[in-house]
Amino acid sequence: MLYIWIFGGGPPLIIYRLNLPETGINIRLLCQSQGLTPLQLQKLLFLNTPQSIYHWYSGKSLPRVDNLYNLSILLNTPINDILVAEPVDITLDTLDGCYQ
């Protein structure tokens with residue numbers, strides 16, 4: 001993990017990238033542990049079809065912010081414990097030109 005000081009003196013900046021496949025597995029396991037099926041989630045989240053949920057499970061997409069918020073309530077789990085994130089290795093060259 002690389003810490004970068006921005007503008008010299010601020011707190012270190014750590015950038016994270018969401019791991020969609022691992023987040024999908026995590027969502028599926030959390031739902032299963034609560035006994036929630038995709039069809040039940042569809043109804044509870046007011047989705048037209050369960051297709052979105054299967055996309056979450058497979059890591060093809062993430063829930064929208066409102067669905068993620070409600071999912072955290074249904075699962076009694078903080079959002080940070082639903083999402084799987086990993087630090088991104090950043091160098092100062094990566095930031096070149098960002099602060100012109």
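## One salt bridge

Across the whole structure, a search turns up one salt bridge. The model is a predicted one. The partners are Asp 66 and Arg 64, and their closest N and O atoms are 2.6 Å apart. Side chains of opposite charge can pair when their charged atoms come close.

How open to the outside are the two partners? Arg 64 is exposed, because its relative accessibility is 55% and the cut-off for exposed is over 50%. Asp 66 has a relative accessible area of 37%, so this residue counts as partly exposed.

## Helix α1 and its ends

Helix α1 covers residues 20–33. How does its expected span compare with the distance between its end C-alpha atoms? At 1.5 Å a residue, the 14 residues should span 20 Å. The end C-alpha atoms are 20 Å apart, so the two values agree.

Asn 19 caps the N-terminal end of α1. A side-chain oxygen of Asn 19 lies 3.0 Å from the backbone nitrogen of Glu 22. After α1 comes Gly 35, with a positive phi near 75°.

## The buried face of α1

Which residues of α1 are buried? They are Thr 23, Gly 24, Asn 26, Ile 27, Leu 30 and Cys 31. Seen down the helix axis, the buried residues fall within an arc of 160°, so they line one face of α1. The cover over these buried residues includes α2 (38–44), α3 (51–58), α4 (65–75) and α5 (79–82).

Asn 26 belongs to α1 and is one of its buried residues. A polar atom of the Asn 26 side chain lies 2.8 Å from the backbone oxygen of Ile 82. Which residues does Asn 26 touch, leaving aside neighbours within four places in sequence? They are Asp 81, Ile 82 and Val 84.

Helix α4 has its own set of buried residues: Asn 67, Leu 68, Leu 71, Ser 72 and Leu 75. They cover an arc of only 140° around the axis, so they sit on the same side of α4. These buried residues pack against α1, α2, α3 and α5.

What does the face turned away from the buried side carry? Tyr 69 and Ile 73 are there, and both are exposed. Asn 76 follows α4 and has a positive phi, near 50°.

## The nonpolar core

The largest nonpolar core has 14 residues. Which of them touch the most other members? They are Ile 27, Cys 31, Leu 41, Trp 56, Leu 71 and Leu 75. The elements giving two or more residues to this core are α1, α3 and α4.

Leu 71 is buried in α4. Leaving aside neighbours within four places in sequence, Leu 71 is in contact with Ile 27, Cys 31, Leu 41, Leu 45, Trp 56, Pro 63 and Ile 82. Ile 82 also contacts Asn 26.

Strand β4 spans residues 85–87 and contains Pro 87. Is Pro 87 buried or partly exposed? Its relative accessible area is 40%, so Pro 87 is partly exposed.

How far apart are Pro 87 and Tyr 16 in sequence and in space? They are 71 residues apart in sequence. In space, their C-alpha atoms are 4.3 Å apart.

Notes: Residues are numbered from 1 along each chain as its sequence is written. This is a predicted model: local features need pLDDT of at least 70, side-chain atom pairs count only at pLDDT 80 or more; totals for chains, interfaces and linings use all residues. Side-chain values use heavy atoms; hydrogens and water are left out. A salt bridge is a side-chain nitrogen of Lys or Arg within 4 Å of a carboxyl oxygen of Asp or Glu. Buried means under 20% relative accessible area, exposed over 50%, partly exposed in between (1.4 Å probe, protein chains only). Helices (H or I, at least four residues) and strands (E, at least two) are DSSP runs, numbered from the N terminus. The expected span of a helix is 1.5 Å times one less than its number of residues. The arc is that of the directions from the helix axis to the C-beta atoms. Contact means heavy atoms within 4.5 Å. A polar contact is a pair of N or O atoms within 3.5 Å; within protein, one must be able to donate a hydrogen and the other to accept it, and residues adjacent in sequence count only if both atoms are side-chain atoms. A nonpolar core is a set of buried Ala, Val, Leu, Ile, Met, Phe, Trp, Tyr and Cys residues joined through side-chain atoms within 4.5 Å.
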